[in-house]
Amino acid sequence: MNKTSKRALSLALAAGIGFAATAALSAETLQDVLKRRNLSQQDLLAAAKTYVPTGKRDEFVAFSSGGQSGQVIVYAVPSMRILKYIGVFTPEPWQGYGYDENSKAVLAQGKIDGKDITWGDTHHPAISETNGEYDGQFLFINDKANPRIAVIDLRDFETKQIVVNPIFKSEHGGAFVSPNTEYIIEAAQYAAPLENKKFFPLEEFNEKYRGGVTYWKFDRKEGRIKPGESFSLELPPYSQDLSDFGKGPSDGWSFTNSFCSERYVGGIEKGRPPYEAGCSAKDTDYLHVINWKKAAEVVKAGKAKKINGHNVIMMDTAIKEGILFLVPEPKSPHGVDVSPDGKFMIVSGKLDTHVSVYSFEKIQAAIKAGKFESKDPYGIPVIGLKDAVHVQVPLGLGPLHTQYDSKPCIAYTSLYVDSQVAKWNYCEGKVLDKLSVHYNIGHLMTMEGDSTKPKGKYLVALNKLAIDRFVPVGPLHPQNHQLIDISNDKMQLLYDMPLPLGEPHYVVAIEATKLKPGVRYKVGTDSRTDKPHPGAVRAGEERTEKKGNKVTVYGTLIRSHITPETIEADVGDEVTIHLTNLERAQDETHGFTVSTYNTHASVEPGKTVTVKFKADKEGVYPYYCTEFCSALHLEMQGYLLVKPKGWKPTKTTLAKGNYTEADYKATVKKVADTQAIIDSVVAYITSVNYKDFPDVVAMVEDAFDQLGKTKGLKEKHEAFAAKKDWENANLWAEQIWQYQVKTADLGLRAKTYLEQNGAKKIK
Ligand code: RUQ
Ligand code: CUA
């Protein structure tokens, strides 16, 4: 018996006989701890508001942009515990994302002009909505640097699709969803020619460079964006920025602001003042007001132009059809955020102390009356600021983004220069409270704060700088997400969370109970397509095929073996390994890698994953399971044998172990002892109402599954024993014990769960 199995058995024995640890007696009182750790009553209050005791769960789940990592960070509120990183635009090794064939296919959708792009500048995540409320089904996120949008399915938190914007070279105003997630907005940032690979000098900026906004059509049933049914609007080269969809009365419209409507072209190297001067010279920029429902009809009517194979409504068409308007907005604006009731759009001018509350009703009245103060250089009608604004409120320096409270008319705006959050009433234009944060807040986020039904309670400040907040870790600091309690009149700062990944620009949070992720896949699923995987097999159907120089393995994974345990190839063969995880138990993920072939798969219960590589080096390459899945995880192994050209075997049998009758008898006794433990655990479980605990039912089923695998093995070892083949007799008896250990492991987990969750005795 090796060390691991000895430990497993002794653990099983210890727990099986009901050995319970006694709770350690703490001599310290709460007062002692406060003193020792130098904590105030206020600290204690903050701790009480954020602490989530072991075994308890958080109220909200936040999806944060992972910034330059190209990933999404999932964390929980109020504990601020990180739950997951989701690989999106970049490879993520743990999840095998970019290391198995199925996920490589998703990443390959993000190639631009045939080139792999292995990073992304993610900015704005958006949760899918139904009637303007978060529904927890999908998450979208954009890549500013390489204009792309990704679709993540929240049933398994996996990236399913990446679409490349067909006409932009960069973007920023995405992802934002329409109230029923029919469309996802992606607005351009830095203007460029819309046609691919077209060159025009900067001298032709005004004529040939363009901005725009894309409306990606989303098919909810399929959970995929339909590029063929998507369209864009050509816009002036104004550096379009953030966007938002209207809702309620403003449903059908969308809003995109802009900076650098000066259309300034810098050139320090030629002695010209830099972009920052030329792009902020004027007092106003433009809010783009777009009737997207009508725009969709214009496309249907065949009035769009195809650019790079994509439908684009040109500016002159948009003007003629009355779907595009501008409103001045002060000065170098950043966020545009539609209020929950859809009546107002709040715009912050970064270089203005004011926040402007635009009235949708007023804008509509001006459009209906044809009341425009001017036209921009491209002939787009401009509605006068006075005819569009409900109120302008001086909030402080560097206002950027606004989020909403569950209480009517209450909003929170980030003040970048002041490093503050302002709480204010946008109906009455009154400032209510201000709170200092550390430092230079960018976005901020309230719970479901950009939906029609914000949940209030907490606000997270996404600060750009983290000076003096954390133990120093070198010149590159972590980001600082600060949790703020907004349930009372006065805001209270609760917690600093360092985020050590990228610059997370924006984050969205949803009530945890709205998320209904699965715990396993239907056996044989390709999780990246949601379809049955053609390489899936069931237990007993495993096989290896060799055709020409192609070796294809149809394998399975289950605690604690990989089938097959040997793969043979000739040097130069192309090896494709399909692996199905046959587990039904929760959290029984197996990983798979082959030494030095840069391949990795994460195979969750039910999933089928393919890894593929060219066996271009002769030699011996161990493969193994990379997740610590059971007591015999280390033994979940095998060999890839890459044979040299013309190799012939000289030895045809494997070495034998020196097993004796005594070894065999000891193993048989061990099997009997372990069975006694299993019986006692089963007796306990069936003596309580375990059927009322679905998680336990799954564990118990799986435990019996494992035990079921011992069928026929007793006859087998006894037959070998009768022939005095002690090696085979001993090893087959040992195999029974392996299944018993897994059974006991699950049974004990179930027992602990039941004891801790108040299972009741039944008759
Ligand atoms: S950004 S700090 Cu949304 Cu990309 Cu504003
Ligand atoms: Cu499977 Cu470790």
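Ala, Val, Leu, Ile, Met, Phe, Trp, Tyr, Cys and Pro count as nonpolar, Asp, Glu, Lys and Arg as charged, and the others, Gly among them, as polar. The exercises below concern a predicted model.

**Exercise 1. The surroundings of ligand 1**

Determine which residues surround ligand 1, how they divide by class, and which strands and domains supply them.

Solution. 
Step 1. The shell around ligand 1 consists of His123, His124, His172, Leu242, His334, Leu400, His401, Gly442, His443, Lys464 and His505.
Step 2. Sorted by class, this shell contains two nonpolar, eight polar and one charged residue.
Step 3. At least two residues of the shell come from each of the strands β24 (399-404) and β28 (441-447).
Step 4. Domain 1 (50-164 + 395-518) and domain 2 (170-343 + 354-393) each contribute at least three residues to the shell.

**Exercise 2. Domains of the chain**

State the domain assignment of the protein chain and the distance between the C-alpha centres of domain 2 and domain 4.

Solution. 
Step 1. The assignment gives domain 1 (50-164 + 395-518), domain 2 (170-343 + 354-393), domain 3 (525-643) and domain 4 (661-756).
Step 2. Between the C-alpha centres of domain 2 and domain 4 the separation is 66 Å.

**Exercise 3. Helix α13 and its partners**

Describe how α10, α11 and α12 pack against α13, giving angle, axis distance and handedness.

Solution. 
Step 1. Two packed helices are described by the angle between their axes and the distance between the axes.
Step 2. For helix α10 (residues 661-687) and α13, the angle is about 20° and the axes are 9 Å apart. Angles under 35 degrees count as roughly parallel, and α10 and α13 are therefore roughly parallel to each other. The crossing of α10 past α13 is left-handed. This contact of α10 with α13 comprises 16 nonpolar, seven polar and six charged residues.
Step 3. Helix α11 (residues 694-708) and α13 cross at roughly 165°, and their axes come within 8 Å. Angles over 145 degrees count as roughly antiparallel, and α11 and α13 are therefore roughly antiparallel to each other. Their crossing is left-handed. On the α11 side, the contact involves Asp695, Val696, Met699, Val700, Asp702, Ala703, Gln706 and Leu707; these meet Tyr739, Gln740, Lys742, Thr743, Leu746, Arg749, Ala750, Tyr753 and Leu754 in α13. The contact of α11 with α13 has ten nonpolar, three polar and four charged residues.
Step 4. Helix α12 (residues 713-722) packs against helix α13 (residues 726-756) at an angle of about 160°, with the axes 7 Å apart. That angle makes α12 roughly antiparallel to α13. Here too a left-handed crossing is found, with α12 passing α13. From α12, the residues Leu713, Lys714, Lys716, His717, Phe720 and Ala721 take part; their counterparts in α13 are Trp726, Asn728, Ala729, Trp732, Ala733, Gln735, Ile736 and Tyr739. Nine nonpolar, three polar and two charged residues make up the contact of α12 with α13.

Conventions:
Residues are numbered from 1 along each chain as its sequence is written. Chains are lettered from A and ligands numbered from 1 in the order in which they are written. This is a predicted model: local features need pLDDT of at least 70, side-chain atom pairs count only at pLDDT 80 or more; totals for chains, interfaces and linings use all residues. Side-chain values use heavy atoms; hydrogens and water are left out. Axes are lines fitted to C-alpha atoms, for helices over the stretch in contact, and angles run from 0 to 180 degrees between N-to-C directions. Helices (H or I, at least four residues) and strands (E, at least two) are DSSP runs, numbered from the N terminus. Angles under 35 degrees count as roughly parallel, over 145 as roughly antiparallel, 65 to 115 as roughly perpendicular and the rest as oblique. A crossing is left-handed if the near helix is turned anticlockwise from the far one by less than a right angle, and right-handed if clockwise. Contact means heavy atoms within 4.5 Å. Domain bounds come from an automatic or database domain assignment. A residue is near a molecule or strand if one of its heavy atoms lies within 4 Å of it.
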